[in-house]
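Please read them with the sequence and the model open.

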Amino acid sequence: EKLIDLEIAVDISGSVTDHEFHVFVSEVASIFKMMKPEKITLVQFDTEIKSVTELKSIKELLQIEFKGRGGTFIVPVIERINTVKPRLVMIFTDGHFKFYGDDAVVKPIWLIHNNPEFTAPYGKVIHYTIGE
């Protein structure tokens with residue numbers, strides 16, 4: 001079966017290292033291989049949404065230029081979720097931000113690296129460690 005309407009938000013703030021970006025890209029590539037989505041909407045964010053790109057292949061993913069490196073503000077991502085209402089949302093982040101405002105209408109899966117103290121007021125949190 002194929003998964004449709006998948007949105008993945010990637011934290012590109014200054015607290016995320018280049019090595020962590022490579023891990024994020026690897027994980028998104030694995031999602032393409034395992035879940036076989038028709039497309040993945042990739043959202044890059046730091047204090048704002050920097051880009052939204054529809055990807056249909058791993059090749060397109062590997063051509064993405066990541067931009068950003070500011071602080072982290074999750075509100076624009078939650079506002080986008082509430083407007084677009086994708087079927088499934090995954091957010092790759094280190095979780096170094098505060099929650100403000102409304103709940104997400106689509107409960108995201110938070111993929112939190114190297115921050116075991118992170119909790120979210122909604123959605124499912126999955127913690128993992130990235131080795132250097």
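1. Where is the place of I130? I130 sits in the segment after β6 (124-128), strands being DSSP runs of E with at least two residues and helices runs of H or I with at least four, numbered from the N terminus. This is a predicted model, in which local features need pLDDT of at least 70 and side-chain atom pairs count only at pLDDT 80 or more, while totals for chains, interfaces and linings use all residues. Residues are numbered from 1 along each chain as its sequence is written, and side-chain values use heavy atoms, with hydrogens and water left out.

2. I130 has a relative accessible area of 7% and is therefore buried (under 20%; exposed is over 50% and partly exposed in between, with a 1.4 Å probe and protein chains only). Not counting residues up to four places away in sequence, I130 touches H19, E20, V23, H113 and N114, contact meaning heavy atoms within 4.5 Å. From F118, I130 is 12 residues away in sequence and 15 Å away in space, C-alpha to C-alpha.

3. N82, which belongs to helix α3, counts as buried because its relative accessibility is 19%. Leaving aside neighbours within four places in sequence, N82 is in contact with D102, D103, A104 and V105, and a polar atom of the N82 side chain lies 2.6 Å from the backbone nitrogen of V105.

4. Positive phi values in residues other than glycine deserve a look: K36 has phi near 50° and K85 has phi near 55°. K36 is in the loop between α1 (18-35) and β2 (40-45), whereas K85 is in the loop between α3 (75-84) and β4 (88-93). With a relative accessible area of 45%, K36 is partly exposed.

Methods. Polar contact = N/O pair within 3.5 Å; in protein donor to acceptor, adjacent residues only side chain to side chain.
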